[in-house]
Amino acid sequence: MILQELSFVSLISFTLLFIHVGSTQPPFSCDSSDPSIKNYPFCQTTLPITQRARDLVSRLTLDEKISQLVNSAPAIPRLGIPAYEWWSEALHGIANIGPGIKFDGTIKAATSFPQVILTAASFDAYQWYRIGQAIGREARAIYNAGQANGMTFWAPNINIFRDPRWGRGQETPGEDPLVTGKYAVSYVRGIQGDTFQGGKLEGHLQASACCKHFTAYDLDNWKGMNRFVFDARDGRASGLMCAYNRVNGVPSCADSNLLSKTARGEWDFKGYITSDCDAVAIIHDDQGYAKTPEDAVADVLKAGMDVNCGSYLQKYSKSAVLQKKLPESKIDRALHNLFAVRMRLGLFDGNPVQHPFGNIGTDQVCSPEHQILALEAARNGIVLLKNDAKLLPLPKATMSLAVIGPNANSPQTLLGNYAGPPCKSVTPLQALESYVKNTVYHPGCDTVSCSTAAIDKAVDIAKHADYVVLIMGLDQTQEREALDRVDLLLPGRQQELITCVAKAAKRPVVLVLLSGGPIDVSFAKDDPRIAGIFWAGYPGEGGGTALAEVIFGDHNPGGRLPVTWYPQDFTKVPMTDMRMRPESSSDYPGRTYRFYKGGKVFEFGYGLSYSKYSYEFTRVSQNNLYLNHSSSVHTTVTSDSIRYKLVSELGAEVCDARKFTVCVGVKNHGDLAGKHPVLLFTRHGNHGDGRPKKQLIGFQSVILSAGEMAEIQFEVSPCEHLSRANEYGVMVMEEGGHFLVVGDDKHPITIII
C-alpha cells in the first residue's frame with residue numbers, strides 16, 4: 001500500500017482539530033482608539049518610516065533608549081509601545097528555540113520542513129522560495145493569534161560548509177557560494193513576502209529574515225578551540241547577525257569595516273544588525289579585545305551593530321555614555337534601525353487585523369498545502385548514492401522486510417536542530433510498514449552512539465527477511481551547535497552492525513544514512529553486499545513517508561550532494577586552518593570541490609536516479625570573448641605568464657555586453673518520470689596558481705517523463721562566472737581557454753585579451 005497525498009492529508013487532519021481553536025489579540029503600537037497616542041508623528045503611516053523612527057527615538061529618555069538595545073526589549077507604556085522580542089528562529093520551520101514564539105496557546109505546532117542541507121540537495125530555488133513563503137505565512141499567523149512577541153527571525157544561515165566536521169553544517173545550504181547565495185535570496189524573499197523574482201515588496205514585511213553569521217564562521221567547538229576565541233583570517237534581508245569570531249584580529253561585531261563599510265556602505269543594507277547571543281560580552285570576557293565592558297559596548301555600537309542578544313548593552317551602555325566612551329548619537333542610530341524594522345513589519349500601524357497580512361489565520365499553520373510541501377521537499381532532497389544491480393526500487397510485492405537501525409523509529413532525529421514541534425510525525429519504520437505488512441524491526445544499537453550493539457539479534461532478523469533496510473547515521477548527540485565531530489566515521493559499532501547484517505541477509509541490503517554532515521562510508525560503497533545507499537539528511541516531518549516512497553519507487557530520487565564527502569583521512573587537517581586553496585609544500589589538500597585535491601567518498605553534485613539522464617550543449621551563443629576593446633584597461637601577467645584584466649576596471653557596461661546564452665539538452669532514458677537538477681560548471685584550462693578545479697555557475701531542475709527530452713537555458717555572465725579571485729582577493733579575467741561543463745559534456749570558451 002502507498003501513502004498517497006490524499007491519505008497523507010487525512011493523516012494530519014486530526015492534528016488540525018486541536019492546533020487551531022481560537023485566537024487572542026497580537027501586540028501592536030499606535031492604537032487608533034487611544035487619542036493620547038494615535039496623533040504622534042511616529043504613528044502617522046503617511047510619513048516616511050525614517051521620519052517616523054526618528055520622531056519616536058527623539059521622545060525617549062536615555063534609560064528608555066538603552067532598554068531597547070537588547071533582544072528582549074521591554075514595553076514603554078507612556079508611548080503605548082509594547083514589549084518586543086527580537087530573537088525568534090525559523091531555520092526550516094517556526095521553532096520554539098528563541099523566546100519570541102510560544103506554542104502554549106491555541107497553536108501547538110508548525111510545519112517542520114527538511115533541515116536546510118537536505119533542502120539544498122534539490123537544487124531547486126523556486127522550492128526554496130515556496131518553503132520560505134510558507135514559513136512566513138505561518139509566522140504571521142502565529143503572531144496574529146497572539147503567540148508571538150516578535151516577527152524578526154534569525155534565519156537563514158549563510159555560512160559556507162567548508163569543513164565536514166562542523167556541527168552546524170546541517171543548517172547551511174552546503175559548500176558552494178552560488179547555491180548558498182541563491183538559497184538565501186529565495187528564502188528571504190519568500191519569508192518576507194516578496195515575489196520569487198524580487199523587487200516587488202512594497203509596504204509591510206510579512207516577516208523579517210536575518211542572515212547569519214557575518215562572517216567567516218564555521219567552527220563551533222573542536223578540540224578545545226571554540227567559535228568565541230577563534231580568529232579566522234581567510235576570507236538583502238532586513239537583518240544581519242554578526243558572529244562570535246574575529247576576522248583579521250577584530251571581533252565581527254566590533255568591525256566597522258564589516259558592519260558599516262561593507263554591509264551598510266557597499267551593500268546598501270537598510271535593516272538591523274544583531275549580535276549573536278552574548279557575542280558582545282565575549283569581546284571583553286573571553287577574547288580580551290576590549291579592556292572594559294564599557295569599551296566593548298562602545299566598540300560594537302560605533303562599528304554599526306544595533307541590538308545585543310543578551311544583556312551587556314543594557315548593563316553597560318549608560319556607564320559608557322557617562323564615561324564619554326559612547327556618544328548618545330550612536331545609540332540613536334541603532335534605535336533608528338531597530339524601530340524602522342518594527343515599522344516595516346506594520347507593528348506601529350494600529351491593529352494589524354486592519355492591515356496587510358492581518359487576515360492570515362491559524363488555518364495557515366500546519367495547512368495541508370504546507371505539509372505536502374514539506375513532503376515534496378524531502379522527496380526531492382533525498383540522494384541515491386549507490387544502486388548496484390538495480391536493487392532499487394524494492395518490489396511492492398515484498399513479502400517480508402527487516403528494518404534495522406537506531407534511526408529507524410526516532411521522530412526527533414528527522415527534524416535536526418533549530419526545529420519546533422512538528423504538525424505530525426511518521427517515522428521511516430512506520431512508513432515502511434505501510435508498504436510491507438510483515439515488517440520486523442530492531443534498533444540494533446542502544447543509541448545512535450552505538451556503544452552497545454545487539455548484532456546477533458539483528459543478524460537473526462535479517463536472515464529471515466526478503467529484504468533488509470538499515471537506517472543508521474547521526475543525530476544531534478553527534479553534531480549540533482557547540483558540538484563539532486572529531487572524525488567522519490559512523491559512531492561506535494554502527495559499521496560492524498551494518499557489515500554483519502549485510503553478510504547474513506538473503507539479498508544485498510539497503511543502507512539509509514540520516515545526517516547533516518558527510519560520513520566516510522567507503523566500506524559500504526565498496527561492499528557488494530550493500531547494494532543501495534541513500535543519504536536522507538534530516539528530512540523533517542515528511543521525511544519518513546518520503547523515504548519509504550523513494551525506496552519502493554513511488555518517487556524517483558533526484559537529489560544531489562551539496563557538499564563533498566571526504567574520507568576519514570581528511571581529519572588530519574585542523575578545523576582551524578581555514579585556507580580554501582591547496583598548498584603542496586605542506587601537503588595541505590584544500591577545501592570544497594572547488595579546490596580540494598585529495599580522495600573523495602562522494603563528490604559535490606553526485607546523485608543517482610532510477611533513470612539515466614544525458615546532456616549535450618545544443619547552443620552556445622559565444623565561443624570567443626574579446627576583452628581587448630580598450631587600451632585604457634590595464635593588462636597584467638600572472639606568475640604563470642597568463643595575462644589578465646581586473647573585473648573592476650572592465651566596468652558594468654562591458655561586462656553586461658559580454659553576457660551570452662547557453663542551451664543544454666537533457667534526456668530521461670529511464671522508464672520512470674523524474675525531477676532532475678542540471679548543474680552547469682566552468683573550469684579554466686589551466687588549473688594551477690590557485691585557480692578552482694571547477695566552479696558551479698548555474699543550476700535548474702527539470703521534470704521529464706520517461707523518454708522525454710527538454711532544453712533548458714542558462715545565462716552566462718563572464719565577468720561573474722569566468723573570473724576568479726587572485727591571491728589578493730581581487731576578481732580578474734584571465735586570457736586563454738575555459739570550459740563549460742555539464743555532466744560528461746564540455747564546451748570550450750576562449751577569452752582574448
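**Figure 1. An aromatic cluster in the predicted model.** In this predicted model, one aromatic cluster is formed by Phe123, Trp128, Tyr183, Tyr187, Tyr593, Phe604, Phe681 and Phe699.

**Figure 2. The aromatic pair of Tyr126 and Phe196.** A pair of aromatic rings is described by the distance of the centres and the angle of the planes. The rings of Tyr126 and Phe196 are arranged edge-to-face, at 5.2 Å centre to centre and with 85° between the planes. Distant parts of the chain are linked by this pair, whose members are 70 residues apart. Tyr126 belongs to helix H5, whereas Phe196 lies in the loop between helix H6 (177–192) and strand E4 (208–214). Tyr126 has a relative accessibility of 44% and therefore counts as partly exposed. Phe196, with a relative accessible area of 26%, is partly exposed.

**Figure 3. Surroundings of Leu696 in the largest nonpolar core.** The largest nonpolar core comprises 119 residues, and those with the most contacts inside it are Ile94 and Leu696. Helix H5 (residues 125–144) supplies the largest share of this core, with 9 residues. Leaving aside residues up to four places away in sequence, Leu696 touches Phe123, Asp176, Leu178, Val179, Tyr593, Phe604, Leu679, Leu680 and Phe681. Another core, of 45 residues, lies apart from the largest one; among its members are Ala453, Val468, Met472 and Leu511.

**Figure 4. Lysine residues over phenylalanine rings.** Lys525 is positioned over the face of Phe602, at 5.0 Å from the ring centre.

Figure 5. Helix H19 spans residues 647–657, and Val647, Leu650, Val654 and Cys655 are buried in it. Seen down the axis of H19, the buried residues fall within an arc of 115°, so they line one face of the helix. An α-helix has 3.6 residues a turn, so residues three or four places apart point the same way. The exposed residues Ala652 and Glu653 are carried on the face of H19 turned away from its buried side.

**Figure 6. Packing partners of helix H19.** The buried residues of H19, which include Leu650 and Val654, pack against three elements: strand E21 (643–646), helix H20 (718–721) and strand E27 (731–734).

Methods
Residues are numbered from 1 along each chain as its sequence is written. This is a predicted model: local features need pLDDT of at least 70, side-chain atom pairs count only at pLDDT 80 or more; totals for chains, interfaces and linings use all residues. Side-chain values use heavy atoms; hydrogens and water are left out. A nonpolar core is a set of buried Ala, Val, Leu, Ile, Met, Phe, Trp, Tyr and Cys residues joined through side-chain atoms within 4.5 Å. Buried means under 20% relative accessible area, exposed over 50%, partly exposed in between (1.4 Å probe, protein chains only). Helices (H or I, at least four residues) and strands (E, at least two) are DSSP runs, numbered from the N terminus. Contact means heavy atoms within 4.5 Å. Rings of Phe, Tyr and Trp (its six-membered ring) pair if their centres lie within 6.5 Å; planes under 30 degrees apart count as stacked, over 60 as edge-to-face and the rest as tilted. A charge sits over a ring if NZ of Lys or CZ of Arg is within 6 Å of the ring centre and within 35 degrees of the ring normal. The arc is that of the directions from the helix axis to the C-beta atoms.
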